[in-house]
Amino acid sequence: MARANTSKALLFGYKAYMVAFFVFLAGPLVAAGSFAFNDSLFPALPWQGFTLDWFFNDTEPKLGMFHDRRLLRGLYYSFVIALMVSVLSVGVGTTNAFLFVRREFPYKNFFYILMIVPLVIPGVILGISILVLASNIANAADDRLGIELEFLRPGIFLVVLGQFSFITTITSLVITARLRKFDMSLEEAALNLGAGRARVLRTVTLPFLRPAMIASGIVAFLVSFENFNTTLFLVGSESPLTITMYDRMAKVGSTPVLNAVSFFLMVGSGLLALISVAVQRPQPSE
Amino acid sequence: MSSDAKRLSLILLFSPFALWITLLIMLPHIGIVALSLREKVAPRVYEFGFGNYIDFINEPIYWNTLLRTGSMSLLVTVLALIIGFPIAYYIAKVAGKRSRGALFLMCLIPLWVSDLIRAFGWILLLRETGVISSVLIWSGMTEQGIEFLYNDVAVVVGLVYTVILFMIVPLVSTLDGMGDDMIEAGYNLGGGNLTVLRRIIIPYAMPGIVAGCIVVFMLTAGSYLTPILLGGKNSSWFTEQIYDQFITRFNWESGAAFGFLLLAFTSFVVWLGLRLSGQSLANTVAKT
């Protein structure tokens, strides 16, 4: 074994390094989460005692997150945007998977690379480029035709498009990987038994893809919820949560209500991430 | 299926892909390049020219910021690789079967927390009234609070923290595929720890290393929140310049030029990295 050659002291040092790394990983998250429960007006030491005021209290100066209108509105917009992005990107990701796994067409490798590219374009650039194109179209429509295309001005629609533009790469890669593992003889068997193409798709192929579709949908939801860079340039008056939080951090300064939101988001996305891992775990029947 | 039906279904499958790539990726980027080549000669009057790029070259603050962003991103990439490689190797090769999955999951958990919250956590730890400073005062090591924020070290630490998971994940998946027998054979042939690492493990892990480095470099160079929040007003990150031109000064022409320069610069570094390591985009990034 390779391990036998490593002396004990070295292995001990190695383990200490691992522990130090996980402390490094956890440190900022623990700090961001735990001050939500500190009974103080500032997210800093010393510890003043445990409280849930930063979640549930309904009066200033300790306005809890569940009574803070602007934060709640941000949460709502983030939720709506993330839901639309995940539905759209799973839909297109699925057709992309069929396109690249099942079909042969000229320049397939080139198009496959094109599909990956959005993931390596900086989010800021995606944001400004979509903003520029949408504004150009809207301005042209306004100047030449006198029509005001409100949906092409910064707002929820553009935010959804901007996030969709790179999140679709993620969903496509996950669903493609799953479709590659599909055993074609299953479809052939169903066809031999007299099922039509549409029926085979509905009863055999799509159920096989479902875990990947759900998992990639959850990933899309989370990535959308957290996105800041692309959203920053496309946002209108309906600010999603990350933008609202950033504004408050930059302008008002931080109060523990931001820690409460952080804690809430960490727990929420942790749970969703666990679900996405669980649905992708191979079932015993496969 | 008849060939007509086959062609129709190919078109149906191809059109969402084509709409996505054309309308949201290709046209917007062409638009940026076109916009960056417009010069303002009078209010609402524009003509074709390279003025925005000439402004960039003539103003040292601009290209210094780009160089600074590039070199700090390289530093972050190298640090993430050096710190992350042993972690990935431990998870893939040293840890037992049962702890492996748990360790991998623990690495992934911070991945699902937004940049904003991570940066916020670092602010709470590092600022003058923050946790580390308070602990130092309490333990008597210092009289007054120390400001750890708003310097380059804070920015680098914060960035490494933000991106290191994107280094570890591809490394674990490549190292996972390497048989223990290869490492053993290396030792049996008389190789020491370093030789085995250099001659067997690293060459095998190369696609993972390259993939991790590309993603980490692009994420770092394109990051916005971490440099601003941890570096303060003087962090001079290039994305900040783009934001400044676009939103604060409303000078879209020069903002578009900056955006294109950032994209060209980062793409060039990625291309160079792929060239030097003999890898391609399809067998690195696409696999992770």
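This is a predicted model: local features need pLDDT of at least 70, side-chain atom pairs count only at pLDDT 80 or more; totals for chains, interfaces and linings use all residues.
**Entry 1: chain B overall**

I began with the make-up of chain B. I counted 13 helices and 2 strands in chain B. I then looked up its extent. The C-alpha atoms of chain B fill a box of roughly 80 × 75 × 35 Å along the principal axes. The radius of gyration of chain B is 24 Å, whereas a compact globule of 288 residues would have one near 19 Å. Burial came next. I noted that 41% of the 288 residues of chain B count as buried. I also checked how far apart in sequence the contacts reach. Among contacts in chain B with a separation of 6 or more, 70% join residues 24 or more positions apart.

**Entry 2: where the chains meet**

**Entry 3: helix 3 of chain B, two partners**

I took the partner within chain B to begin with. Helix 3 of chain B (residues 60–94) and helix 7 of chain B (residues 152–176) have axes that come within 7 Å. The two axes cross at roughly 45°. I recorded the crossing as right-handed. The residues of this contact divide into 23 nonpolar, 1 polar and 2 charged.

The other partner sits in chain A. Helix 1 of chain A, residues 8–34, packs with helix 3 of chain B at an angle of about 110°. Their axes are 10 Å apart. An angle from 65 to 115 degrees counts as roughly perpendicular, so helix 1 of chain A and helix 3 of chain B are roughly perpendicular to each other. This crossing is left-handed. I listed the residues that make the contact. Helix 1 of chain A supplies A:Y14, A:Y17, A:M18 and A:F21. Helix 3 of chain B supplies B:P86, B:I87 and B:Y90.

Which residues of helix 11 of chain B are buried? In this helix, residues 238–248, I found B:F238, B:T239, B:Q241, B:I242, B:Y243, B:Q245 and B:F246 buried. I then asked what covers them. From chain A, the cover includes helix 5 and helix 9 (229–234). From chain B, it includes helix 3 and helix 12 (252–277).

I followed helix 5 of chain A (residues 123–145) to A:V124, which lies in it. Is A:V124 buried or exposed? It has 27 C-beta neighbours inside 10 Å, and 20 or more make a residue buried, so A:V124 counts as buried. Setting aside residues up to four places away in sequence, A:V124 touches A:N229, B:G222, B:Y224, B:T239 and B:I242. B:T239 and B:I242 are among the buried residues of helix 11 of chain B. I also took one distance.

Most residues other than glycine have a negative phi. I looked up two exceptions.

- B:F250 is not a glycine, yet its phi is positive at about 55°. B:F250 lies in the loop between helix 11 and helix 12 of chain B. It has 8 other C-beta atoms within 10 Å, so I noted B:F250 as exposed.
- A:Y107 has a positive phi of about 60° and is not a glycine either. Its place is the loop between helix 3 (69–102) and helix 4 (108–120) of chain A. A:Y107 is exposed, with 9 other C-beta atoms within 10 Å.

**Entry 4: A:F66**

I ended with A:F66, in the loop between helix 2 (53–56) and helix 3 of chain A. A:F66 counts as partly exposed because it has 16 C-beta neighbours inside 10 Å. What does A:F66 touch, not counting residues up to four places away in sequence? I found A:F55 and A:F56. The C-alpha atoms of A:F66 and A:A260 are separated by 9.6 Å, though the two are 194 residues apart along the chain.

Technical notes:
Residues are numbered from 1 along each chain as its sequence is written. Chains are lettered from A and ligands numbered from 1 in the order in which they are written. Axes are lines fitted to C-alpha atoms, for helices over the stretch in contact, and angles run from 0 to 180 degrees between N-to-C directions. Helices (H or I, at least four residues) and strands (E, at least two) are DSSP runs, numbered from the N terminus. A crossing is left-handed if the near helix is turned anticlockwise from the far one by less than a right angle, and right-handed if clockwise. Ala, Val, Leu, Ile, Met, Phe, Trp, Tyr, Cys and Pro count as nonpolar, Asp, Glu, Lys and Arg as charged, and the others, Gly among them, as polar. A residue is buried if 20 or more other C-beta atoms lie within 10 Å of its own, exposed if 12 or fewer, and partly exposed in between; C-beta atoms are placed from the backbone. Two residues are in contact if their C-beta atoms, placed from the backbone, lie within 7 Å. The radius of gyration is taken over C-alpha atoms; the globule rule is 2.2 Å times the number of residues to the power 0.38. Angles under 35 degrees count as roughly parallel, over 145 as roughly antiparallel, 65 to 115 as roughly perpendicular and the rest as oblique.
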